[in-house]
Amino acid sequence: MTAHPDERNCECHWGSAEELALLKVPDVELDPDLLRRTWQASDWDDSPAVMRRILPQFAAALVTGRVDDFDIREAGRAIARGQWHEGPPEEAAAVQEFLHA
């Protein structure tokens with residue numbers, strides 16, 4: 001998955017055009033700071049697409065403890081912004097299984 005080709009965010013608050021371009025390429029690992037800034041941003045034009053793009057790496061960060069306790073509540077809100085339950089049934093089931101675990 002990738003972010004929508006027209007996705008944008010404020011360079012002065014979120015990151016550079018080069019970093020934004022990484023969200024539009026599938027399967028490119030984001031550095032931890034970029035991953036954090038991406039899931040913490042709530043002003044994406046298409047939050048579900050952005051969250052689908054980062055969800056595998058974000059889930060790994062959650063499981064391995066790379067998201068600190070302070071941010072865990074915000075992490076839940078980020079996942080909810082991804083509207084995962086409205087996606088294809090097999091993807092929604094996988095996310096639901098992850099959240100249940």
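Q83 counts as partly exposed, at 36% relative accessibility. In this predicted model, Q83 sits in the loop between α4 and α5. Its phi is near 45 degrees, a positive value in a residue other than glycine. Most residues other than glycine have a negative phi.

D27 also has a positive phi, of about 65 degrees, although D27 is not a glycine. This residue belongs to the loop between α1 and α2. D27 counts as exposed because its relative accessibility is 79%, and the cut-off for exposed is over 50%.

## Packing of α3 against α5

Helix α3 spans residues 47–63 and helix α5 spans residues 89–100. The two pack at an angle of about 20 degrees, and their axes are 12 Å apart. That angle makes α3 roughly parallel to α5, since angles under 35 degrees count as roughly parallel. The crossing of α3 and α5 is left-handed.

On the α3 side, the contact is made by R52, L55, A59, L62 and V63. On the α5 side, E91, V95 and F98 take part. Sorted by class, the contact of α3 with α5 has six nonpolar residues, two charged residues and no polar ones.

## Packing of α3 against α4

Helix α4 covers residues 72–81 and packs on α3 at an angle of about 140 degrees, with the axes 9 Å apart. The helices α3 and α4 are therefore oblique to each other, because an angle has to be over 145 degrees to count as roughly antiparallel. Their crossing is left-handed.

From α3, the residues in contact are S47, P48, M51, F58 and L62. From α4, they are I72, A75, A78, I79 and R81. The contact of α3 with α4 divides into eight nonpolar residues, one polar and one charged. L62 of α3 is in the contact with α4 and also in the contact with α5.

## Packing of α2 against α3

For α2 and α3, the packing angle is about 125 degrees and the axes are 10 Å apart. These helices, too, are therefore oblique to each other. The crossing of α2 and α3 is left-handed.

L35, T38 and W39 of α2 make the contact with V50, M51, I54, Q57, F58 and A61 of α3. By class, the residues of the contact of α2 with α3 are seven nonpolar, two polar and no charged. Two residues of α3, M51 and F58, are in the contact with α2 and in the contact with α4.

L30 is found in the loop between α1 and α2. With a relative accessible area of 3%, L30 is buried. L30 and I54 are 24 residues apart in sequence, and their C-alpha atoms are 8.3 Å apart.

Not counting residues up to four places away in sequence, L30 touches L22, L23, L35, R53, I54 and Q57. Of these, L35, I54 and Q57 also take part in the contact of α2 with α3.

The structure holds two aromatic pairs. One of them is formed by W14 and W44, whose ring centres lie 5.0 Å apart. The ring planes of W14 and W44 are at 80 degrees, so the pair is edge-to-face. W14 lies in the segment before α1 (17–22), and W44 in the loop between α2 (32–40) and α3, so the pair ties together parts that are 30 residues apart in sequence. Both W14 and W44 are buried.

D45 is placed in the loop between α2 and α3. The C-alpha atoms of D45 and E7 are separated by 6.2 Å, while the two residues are 38 residues apart along the chain. Leaving aside neighbours within four places in sequence, D45 is in contact with D6, E7 and R8.

## Q96 and H85

Q96 is a residue of helix α5. Its relative accessible area is 49%, so Q96 is partly exposed. The C-alpha atoms of Q96 and H85 are 7.9 Å apart, and the two residues are 11 residues apart in sequence.

Conventions: Residues are numbered from 1 along each chain as its sequence is written. This is a predicted model: local features need pLDDT of at least 70, side-chain atom pairs count only at pLDDT 80 or more; totals for chains, interfaces and linings use all residues. Side-chain values use heavy atoms; hydrogens and water are left out. Axes are lines fitted to C-alpha atoms, for helices over the stretch in contact, and angles run from 0 to 180 degrees between N-to-C directions. Helices (H or I, at least four residues) and strands (E, at least two) are DSSP runs, numbered from the N terminus. Angles under 35 degrees count as roughly parallel, over 145 as roughly antiparallel, 65 to 115 as roughly perpendicular and the rest as oblique. A crossing is left-handed if the near helix is turned anticlockwise from the far one by less than a right angle, and right-handed if clockwise. Contact means heavy atoms within 4.5 Å. Ala, Val, Leu, Ile, Met, Phe, Trp, Tyr, Cys and Pro count as nonpolar, Asp, Glu, Lys and Arg as charged, and the others, Gly among them, as polar. Rings of Phe, Tyr and Trp (its six-membered ring) pair if their centres lie within 6.5 Å; planes under 30 degrees apart count as stacked, over 60 as edge-to-face and the rest as tilted. Buried means under 20% relative accessible area, exposed over 50%, partly exposed in between (1.4 Å probe, protein chains only).
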